[in-house]
Amino acid sequence: MNAPVGHYQYQTADREFLASRIAEFEGQVQRRLSGELTEDEFKPLRLMNGLYLQLHAYMLRIAIPYGVLDSRQMRKLAHIARHYDRNYGHFTTRQNIQFNWIKLEETPEILRQLADVDMHAIQTSGNCIRNVTCDQFAGAAADELMDPRVHAEILRQWSTLHPEFTFLPRKFKIAISGSPHDRVAARFHDIGILARPGEHGPLFRIFVGGGLGRTPLVGHELFDSVPEADLLMTLEAVLRVYNAYGRRDNIYKARIKILVQALGIEGYRKAVEHELSLMNPAHYRLAPETVAAIRARFAAPDLTASPDAEARLRNDRQGNIAFDRWVRSNTHPHFAPGRIAVTVSIKPAGGIPGDATSDQLDRLADLADQFSFGELRVTHLQNVVLAHVAQDKLLELWEVLNEIGLADANHELIGDIVACPGLDYCALANARSIPIAQKLSARFGIMRCRKRSANCASISRDASMPVAIIMSGISACLVLTNVVRSFSRSLWVVAMMHCHVPVTYSGRPCRKMIWLMPSPVSSIAI
Amino acid sequence: MKRAIRIGAGEALVLTANRLLDGHIVWRDSHGLWQRSIVHAAIFSPETYEAELETAIKSAQSDGVVGVYEVVVRPGIPAEPVSVRERIRAFGPTVHPQFATELDA
């Protein structure tokens, strides 16, 4: 097999590890079914393998490291949706995919099938370091300073089964971008990393203590310029301070953002620096040859395009208003002449954000083979990216997307709503988020908010500024003091994040992020 | 720790769980068997449900179910859970009507 474009190619050791891990889990399932393990004993074991027990069935969340997968992996996901679930999958904000109707007894077989294409479900739940997310345009964007995927892969390997960080106070989320336009919401993560090239190698700006959830906070800059050699040591120290001092007495106050808030960023930095002073830099040093070895396991595509590709795209856009509108909203400039990055919206107006049928997953795999070197990316906004499309093929791609219902021109507009599954599936939720997202996207569609629009005036006052609507179904956030009950009787605007510092969300300046939660006593009848 | 439940006037209780093998929601009938539909659920008064709940929890492993607990309902055919969450469990997700629970199952 040729090396996959865009993501790390597994070695024999990776595959042997997965096989042994599946055998271990299969044994645990058998012990649970025989009664040898109680549910209380089994629960942490299944969670370590991404298996939740939700409202209607088991839910399996499958890891897609930094959101990048290849067409054979996407076809395998379609196969799992078709044969083990109910014919669809749900893309998540950690660039993963989850299936909501899984059977416990079939889970080991599903994991074996995933391992056949170098995939797994490890660390997609539990109080550990979750899937490291990455810029969806990594290695493609014209504005990129450095490709963050190699370091995302290094972080994946470092954090996978890290013995010290398997039982953290709470789940832990890391994002990394190599663009000056933060497209990973770095300041809304436990740790956000912005990478850039330096005179003597890559440098990393590290933010800590951001997040949404019931206490939405913007992360603080911890260090401005961590050299590559010290990256893992620094992250290790940040995690150690959190592991040692993070609260374990109250699940709602256990995230690192609460600790950073309690200590203050100066206090947290001092604690990290103290920890660093106790560590042996040589032991943690990230050597250039290690980075080079991992970089070598990523295949680079030949991005040469037809010399007239850009001219042909310009011509295709003329006289085709719908295509032109889609190009304006759903594409991103590529660094290679004649290429363009495409965001396939998984948010049809009135549809369920992030849901794709098995047929659509198969067709996306076909489109990846046909237009983007067999590579796809899942975005943290629950869409899919084809990163390397030749501009003269864009119209052809759009026409196929139209056929399969995935050509909505709403990327980063109000219809591009992020929504958790909410009460319809999630055992933790107490409000239904998806029906509200469906009604909002059906109502607003692809409309750009205008200054004088009565419907949108309260949402955005600037047509050029995207509105980020993030829908949560967990009402713990109601304790916020800045709750404003508005918008409609069935929605509570639980957080209007007025950012007083320059913050970007999904690559664009954002001073207002609207975080909605449907009222638990929603007026929408079941 | 036992969860506090609030039972209003005219309301009663049924027992529910998830099947261990596939996670499907089940309801306890008057013979102590677990059924797929709430239509078959036995209705208990606030005074009688606790003994049945204790019995059901003890036999959960041999019955192949997990997470047994009580749900407050308004008696009827079918019994209608009082909370939105339990109505979704009983009748299926509101966003995928094709996955609605078959009540005569």
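Visitor: Which strands does H6(A) lie across?

Guide: In this predicted model, H6(A) lies across S8, S9 and S10 of chain A. The helix runs at about 155° to S10(A). Helix H7 of chain A, residues 256-277, packs on the sheet as well. H7(A) touches S9 and S10 of chain A, and its direction makes about 45° with that of S10(A).

Visitor: What makes S9 and S10 of chain A a pair?

Guide: Two strands pair if there are at least two bridges between them. S9(A), residues 201-208, and S10(A) have five bridges. They therefore count as a pair. The sense is antiparallel. Across the pair, A:Ile206 stands opposite A:Phe223.

Visitor: Why are S6 and S10 of chain A said to stand at the edges?

Guide: The sheet is open, in the order S6-S7-S8-S9-S10, with mixed pairing. S6 (133-134) and S10 (220-227) each have a single partner strand, so one side of each is left without a neighbour in the sheet.

Visitor: Which residues does B:Val14 touch?

Guide: Contact needs C-beta atoms within 7 Å. Beyond four places away in sequence, B:Val14 touches residues including B:Trp27, B:Ile38, B:Phe44 and B:Val71.

Notes
Residues numbered from 1 in each chain as written. Chains lettered and ligands numbered in written order. Predicted model: local features only at pLDDT ≥ 70, side-chain atom pairs only at ≥ 80, totals over all residues. Contact = placed C-beta atoms within 7 Å. Helix = DSSP H or I, 4+ residues; strand = E, 2+ residues; numbered from the N terminus. Axes fitted to C-alpha atoms, helices over the stretch in contact; angles between N-to-C directions.
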